[in-house]
Amino acid sequence: SNDEISAYIGDGTDVVELNGRFVMPGFIEGHGHFMSLGRAKQILDLNNVRNWDEVVNMVAVAVDQAEPGEWIFGRGWHQDKWDSVPEGAVEGVPVNETLNMVSPDNPVLLGHASGHAAFANDAALAAAGVGNDTPDPDGGTIVRDADGKATGLLRETAQRLLNDAVDEFE
């Protein structure tokens, strides 16, 4: 109340009368990604998946609810938290074959929990014009299997290769 707060008013206090209006203190936030947090609430939440099969199942459900060609987005997977490494994994991360099977007509882009990598199916790579012969961008890597095929994992700046295709959709 005004009576309660008046005890804190001294000679050096500037009082601004708001006539009943609301004021919120300003907060200085050092490293938040508020837009990303809001976006994460609108896409598949992959933070608590136990393995790659759960990721694929979640994508399959999203595909069933989507129109053909509609992008499927998710975020939060982390291979070090999984209870198993998928068969055929490259560098401890799956290849996108099972994702391609459940989503042949819908581009899929799944961000890593760290934000430093993303996983895409072949439809997403094709929509962005990323192929097996696409060179790694400066500061990024298109992870490839032993035969040189893009596995779907995009590290660091390689994620940006999909930006135009995603922007076109949104």
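## Strands β2 and β3

Strand β2 (residues 72–77) and strand β3 (residues 108–112) run parallel and are joined by five bridges; strands here are DSSP runs of E, at least two residues long, and helices are runs of H or I of at least four, numbered from the N terminus. Within this pair, W77 stands opposite H112 of β3.

This is a predicted model, in which local features need pLDDT of at least 70 and side-chain atom pairs count only at pLDDT 80 or more, while totals for chains, interfaces and linings use all residues. Residues are numbered from 1 along each chain as its sequence is written, and side-chain values use heavy atoms, with hydrogens and water left out.

## The sheet

Both strands belong to an open sheet of six strands, in the order β1-β2-β3-β4-β6-β5 with mixed pairing (two strands pair if DSSP finds at least two bridges between them). At the edges are β1 (44–45) and β5 (140–144), each pairing on one side only.

## Residue N121

N121 lies in the loop between β4 (117–120) and α5 (122–127). N121 counts as buried because its relative accessibility is 0% (buried means under 20% relative accessible area, with a 1.4 Å probe and protein chains only). A polar atom of the N121 side chain lies 2.9 Å from the backbone oxygen of N106.

Terms used:
Buried means under 20% relative accessible area, exposed over 50%, partly exposed in between (1.4 Å probe, protein chains only). A polar contact is a pair of N or O atoms within 3.5 Å; within protein, one must be able to donate a hydrogen and the other to accept it, and residues adjacent in sequence count only if both atoms are side-chain atoms.
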